[in-house]
Each structure stands twice: as structure tokens, then as C-alpha cells.
Amino acid sequence: MLTVLFPGLVPNKHKSTYTWLETDPYARDLIRQAEEHLGPDLLERHTKAEIYDWNVYQAVYLVESLSLAEAWCRRNGADPDLVAGQSFGSLAAAVFSGSIAFRDMCRVMTASTAAEIEYFKRAAEPLACVFFSRCSPARTRQIIDEITDQSSPGWLDVSVVQERGVMAVSGSRSLVDQFASQVKKEGGLIFYTIDRAEHCPALAPLAEILKCEAYCTSDFSEPAKPLLSDNGVLLHTGEDVARDLAEGWGRRLVNQEQYQTMTSLGTEHLVIPGHSSLFASDQGASGRKTLVKARTMLEEGAHTRHGR
């Protein structure tokens, strides 16, 4: 059984990615469609964008993910049995499964971004999310308890639990900073901190807003291919897909939940488009893994053209 898994958003400015996006016909068509909503010169703007230029980063990431997956399947004569996404990758999965057209997803994405920005701007306090590793889940929860037991105003919560020890904690900005300092003091590795919370029950109100203002059920239809949520639930209808994309904000992202369902459904080969090294290990999902990167796709294309 072949499953295509779309990872969460990881900003990517590799030269090979731009070359791929500028030369692959399907990617070029998707860029053109995205520019209908985001304006011209999307790739050039991406080269200069900062992380908080959400729509620019997200649109290019969607195009990268979808075009790499489409090209790999076409070149290998493959027809995936299952489609899955993690975090923002769930948007790409919804498109790839046939639940929503790419052009419509660009419109939904920009509406969602506007609602998200407004929500965090109006939050009662500054929020943040820190991504890190080299700190066990048990110790992570201990540090959270130690900080929140000090009667400090605010909150902390686990947002993400991924393979290779990668985790994320969200909460009040001041407490997230305290948490990150403690993790670093104990030998943990801090990747980055963003000025918003992610994937936690405290964001349930945002999920409800997004259901009304962005993920309208009329934009989605029944997936043409089986579609798996990042919490391991099969999504059967357009309403399921729309609701799940919004509710992803209000639940923890624990990759193992998804992998358990993949295994139970019979996944033997996992194809993962993108450049994240998170999946380049024997941890996480079991079975064969193929990481589809722009660089290798360009090299394979060059070999084919030269008859090698």
C-alpha cells in the first residue's frame, strides 16, 4: 500500500527548490494560479520574505509539495492508495486527494491567514510556540509543571510531538521564554520560536472562528482518494475535511497517532515530498520511506533527458 504524506510547513529557500518551481510545468501552473490571489512575482517575493509573510511562505510550500508529489507519481507510474498531511501539510493533502481545487485552496488559505492574524492580534496576552529537541516528553511536562506551579500568570501546553525527539510547547510568551531557557540550560536544542501558539486545546476558539470565516464546507467535496487526518482519522466527506482543517488548531499534533492508523490500514511505502530531514530516520512511521526532494528530482530529470 502506497501512502503520500505531506509534512508541516518548513520554510525553504534552497536554490534547487527555486529551480524546480521555475522549470516544472505543473509547478509553474500552480504558481500562476497562486498569483491570482497573492499578486505577481510570487517566487521573487518568497526569496525576500520573512517568516511572518505567511501567505507567501504557505503558497510556495503548497506548490513545492504538490508538484514534487505529482512528478514522483507520474515518473513512477504510481497511484497512491492513501493521502495524509501533518499540520499545514494537511492543506496540501486536501488538494492532492481531490477534495478541493488548488485555486480554491489559495482563497481558503488567505482567508484563514487573515482570521489567524486578527485572532492573535486581539489575544489577551502575547503568545508563542517554541520548537525544540533533546528533552524527553516526561521532562518537558515536568518543566511545564514547575513553571506553571510558580503561580505565574499565563499558561503552557504541549503542542507537537514528532519523531527524532522534536517537540513544541505553546503558551504565554513570557512562560514560553522561561521554558526555552530551562530546556537550553539542561542541554536541549532550541530550533526557533514563533509569535503565535500552535496545535493546542487553548486555541479551540480560533478553530470555531476558522470554521465560519475560512473553511466553509461548500468549498470542499468528498476526497477522490482516501484522506487521513493528522490525528489518524479517515475523512470521508467534504464537511469532514473542512472541519478537520479548522480543528487542527485546537488539538495536539502527535505524529504517532497518524502512523498507527497508517500501519493498521496496511501502508508499506511512504512517499514524503519536501526537504525536511525529520523523516530521514528509522523512527516514526514503519516501512519503506522515499523522501522526494527538488534536488534529486532535477538530477533524475537531467539523467533521463541525456538518456542515462
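Visitor: What share of the contacts in the chain join residues at least 24 apart?
Guide: The share is 74%. It is taken among contacts between residues at least 6 apart in sequence. Contact here means heavy atoms within 4.5 Å.

Visitor: What kind of model is this?
Guide: This is a predicted model: local features need pLDDT of at least 70, side-chain atom pairs count only at pLDDT 80 or more, while totals for chains, interfaces and linings use all residues. Residues are numbered from 1 along each chain as its sequence is written, and side-chain values use heavy atoms, with hydrogens and water left out.

Visitor: How do you know that the chain agrees with a compact globule?
Guide: Set the value against the rule. The rule is 2.2 Å times the number of residues to the power 0.38, and the radius of gyration is taken over C-alpha atoms. For 308 residues, a compact globule would have a radius near 19 Å. The chain has 19 Å, so the two agree. Along the principal axes, the C-alpha atoms fill a box of roughly 65 × 40 × 40 Å.

Visitor: How many helices and strands are in the chain?
Guide: There are 12 helices and 11 strands. Both are DSSP runs, numbered from the N terminus: helices are H or I with at least four residues, strands are E with at least two.

Visitor: Why is Ser65 called buried?
Guide: Buried means under 20% relative accessible area, exposed means over 50%, and partly exposed lies in between (1.4 Å probe, protein chains only). Ser65 has 1% relative accessibility, so it counts as buried. This residue is found in helix H4 (residues 54-75). Leaving aside neighbours within four places in sequence, Ser65 is in contact with Phe6, Ala92 and Pro273.

Visitor: Why does Thr140 count as buried?
Guide: The relative accessibility of Thr140 is 0%, so the residue counts as buried. Thr140 lies in helix H7 (residues 137-148). Beyond its neighbours within four places in sequence, its contacts include Val158, Met167 and Phe179. Of the 308 residues of the chain, 53% count as buried.

Visitor: What makes two strands a pair?
Guide: DSSP must find at least two bridges between them. Strands of a sheet pair through backbone hydrogen bonds, either parallel or antiparallel.

Visitor: In what order do the six strands of the open sheet stand?
Guide: The order is E8-E7-E2-E1-E10-E11, with mixed pairing. Strand E8 (234-235) and strand E11 (288-292) are the edge strands, since each pairs on one side only. Take E8 and strand E7 (residues 227-228). Two bridges join them, and they run antiparallel.

Visitor: Why is strand E1 called largely enclosed?
Guide: Five of the five residues of E1 (residues 2-6) are buried, so the rest of the structure largely encloses it. Both faces are covered: Leu2, Val4 and Phe6 are buried on one side, Thr3 and Leu5 on the other.

Visitor: How does E1 pair with strand E10 and strand E2?
Guide: E1 pairs with E10 (residues 269-273) in the parallel sense, over three bridges. There Leu2 stands opposite His269. E1 also pairs with E2 (residues 82-85) in the parallel sense, over four bridges. There Val4 stands opposite Val83.

Visitor: What is the order of the open sheet of five strands?
Guide: The order is E6-E3-E5-E4-E9, again with mixed pairing. Strand E6 (189-194) and strand E9 (253-254) stand at the edges. Each has a single partner strand, so one side of each is left without a neighbour in the sheet.

Visitor: Why is E4 called largely enclosed?
Guide: Six of the six residues of E4 are buried, so the rest of the structure largely encloses this strand.

Visitor: How does E4 pair with E5 and E9?
Guide: E4 (residues 156-161) and E9 run parallel, joined by two bridges. Val160 stands opposite Leu253 in E9, and Val161 stands opposite Val254. E4 and strand E5 (residues 167-172) pair in the antiparallel sense over five bridges. On that side Val161 stands opposite Met167. E4 and E5 form a hairpin with five residues between them, and Arg164 in the turn has a positive phi of about 60 degrees.
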